Amino acid sequence: MIEPALGDLETASVTQLQQWAEQAASQQDWPTALQLIELAAWQEPENSAILRRWGDWLASAGQVEEAIVAYQAALESQPGCPQAIAAWAAALNEQGRYAEAIALLDQASEQIADLWHHRAVALQSLGDWPKALTSCDRALQLDPTMAEAQFLRSKLRLGLGDWSQGWPEYESRLLVFPELRDRLPSFGRPLWQGEDLTDKTLLIWGEQGYGDQIQFVRYLYVLRDRWAETPLLLLVSEPLAALFQQFAIADLQVATQFTFEVEPAYDFHLPLLSLPERLGAIAETIPLAQGYLPRSLQPEIRLGKNPHQLQVGFVWQAGETSDRRYQWRQADKSVSLEYFLQLRLKLEDCQFWSLQLGSASQALQQHPDWEDCDLSDQIHSFVDTAALLSQLDLLITVDTAIAHLAGALGVPVWVLLPKAADWRWGQVGTMTPWYGSMRLYRQAIAGDWRSVFEQLQRDLDSDPTRLHPY
């Protein structure tokens with residue numbers, strides 16, 4: 001980018017300031033972009049387009065409240081402006097202010113696809129999935145190419161059990177996520193579209209989070225059943241490689257990135273979460289719900305267990321993310337450590353073990369009497385976590401990767417879900433067809449974890465057989 005001198009800034013036209021600002025924004029130089037667009041806004045304070053752009057970049061810089069102020073100014077300058085309303089509603093959704101977003105969306109002077117998409121996001125988060133689905137339909141009527149609305153509609157369809165339409169449309173994620181879209185050409189081989197794999201080699205690559213990869217790697221077994229002799233190559237996130245190398249799948253090589261001993265030759269490639277669509281998966285028959293990862297028979301890490309107490313692991317915070325699009329969701333899924341502290345005091349028959357990782361685990365240092373239960377310094381990989389889980393009677397966790405690991409191991413696991421749960425858990429019920437050893441504890445009211453923990457305590461107090469729901 002060409003850095004304008006101070007004198008240039010003082011004499012630059014609005015058009016020139018906008019051009020410089022766009023150049024800075026294209027390089028994600030938000031301080032420079034914001035400085036320049038602010039100067040443009042001072043010259044034309046009633047220019048709604050400039051104010052909207054200012055808001056967009058404030059949001060990109062993580063200054064969401066300031067972005068809302070800019071959008072509000074844009075809307076005051078141009079009442080009913082659908083673009084300003086859509087951008088403002090997106091910022092409200094990002095903060096979890098869904099009812100406010102819907103009320104704002106009703107003020108638009110005309111309808112555009114973005115308005116209906118943001119309405120769908122709010123409705124999904126408020127738990128009204130059928131109306132959210134209708135809003136996605138309206139967005140796509142106005143803009144059939146809108147990948148974000150296609151992706152949201154796919155998740156709604158999957159969550160409502162419509163897999164025949166949901167999985168094909170879930171391919172739209174390859175257009176939504178740049179990290180997936182940009183990776184596709186790097187393989188130099190065509191995507192597998194379901195062709196006969198006899199005498200072919202297929203490379204499958206992990207995507208999205210650790211939990212997604214653990215949940216959907218089960219479909220490799222379905223693939224192997226159909227093509228018993230086809231060599232399979234699996235690329236996964238580095239922390240998962242040693243865990244997946246334990247699979248009892250013939251002719252499977254597992255690596256991270258391209259760290260195979262010999263650079264492999266393959267005929268097709270496929271992102272992991274496309275396997276259900278290619279294999280014609282149906283909601284009524286989810287494979288290997290009773291577990292598909294082998295338990296560690298001789299764990300190197302052994303717990304100092306009290307044989308007279310129920311061994312309970314717990315995790316209270318979802319994985320950390322620097323992506324502002326998902327920070328609210330991660331916070332929404334997490335609970336306060338205090339709930340587990342209180343639960344331990346009330347359940348003398350349970351011995352608790354913390355498997356919390358990341359900076360959140362440091363919170364236990366403020367509670368010296370919990371020091372012996374903190375296992376974070378013994379966990380260096382998913383293999384270590386699996387070894388510890390195999391020694392527990394129960395894991396209680398928020399919706400994060402360890403929940404999938406416990407389910408894949410067949411370890412009893414109780415998962416704490418926010419009111420706006422992810423599509424894979426559906427909207428109702430305590431059981432999930434994904435994992436036979438899993439039980440779901442849902443918020444009835446958004447943000448209310450107290451009643452969830454009261455139910456947990458009752459269940460642990462009264463009926464230990466609930467650890468084995470099937």
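This is a predicted model: local features need pLDDT of at least 70, side-chain atom pairs count only at pLDDT 80 or more; totals for chains, interfaces and linings use all residues.
How are helices H20 and H21 oriented to each other?

**First stop: H20 and H21**

Select residues 382–389, which form helix H20, and then residues 401–409, which form helix H21; the two pack at an angle of about 60°, with their axes 10 Å apart. Angles under 35 degrees count as roughly parallel and those from 65 to 115 as roughly perpendicular, and H20 and H21 are therefore oblique to each other. If you turn the view, you can look for the right-handed crossing in which H20 passes H21. To see where they touch, show the side chains of Phe382, Thr385, Ala386 and Leu389 in H20, which meet Ala401, Ile402, Leu405, Ala406 and Leu409 in H21. Sorted by class, this contact has eight nonpolar residues, one polar residue and no charged ones.

**Second stop: H2 and H3**

Next, select residues 14–26 for helix H2 and residues 30–43 for helix H3, whose axes come within 8 Å and cross at roughly 160°. That angle makes H2 roughly antiparallel to H3, and the crossing in which H2 passes H3 is left-handed. On the H2 side, the contact is made by Val14, Leu17, Gln18, Trp20, Ala21, Ala24 and Ala25, while H3 contributes Trp30, Thr32, Ala33, Leu36, Ile37, Leu39, Ala40 and Gln43.

Now move along to helix H4, residues 48–60, and helix H5, residues 64–77, which pack at an angle of about 165° with their axes 8 Å apart. These two helices are therefore roughly antiparallel to each other, and H4 passes H5 in a left-handed crossing. The residues of H4 that take part include Arg52, Trp54 and Asp56, and those of H5 include Glu66, Tyr71 and Ser77. Which classes of residue make up the contact of H4 with H5? It has 10 nonpolar, three polar and three charged residues.

Definitions and conventions
Residues are numbered from 1 along each chain as its sequence is written. Side-chain values use heavy atoms; hydrogens and water are left out. Axes are lines fitted to C-alpha atoms, for helices over the stretch in contact, and angles run from 0 to 180 degrees between N-to-C directions. Helices (H or I, at least four residues) and strands (E, at least two) are DSSP runs, numbered from the N terminus. Angles under 35 degrees count as roughly parallel, over 145 as roughly antiparallel, 65 to 115 as roughly perpendicular and the rest as oblique. A crossing is left-handed if the near helix is turned anticlockwise from the far one by less than a right angle, and right-handed if clockwise. Contact means heavy atoms within 4.5 Å. Ala, Val, Leu, Ile, Met, Phe, Trp, Tyr, Cys and Pro count as nonpolar, Asp, Glu, Lys and Arg as charged, and the others, Gly among them, as polar.
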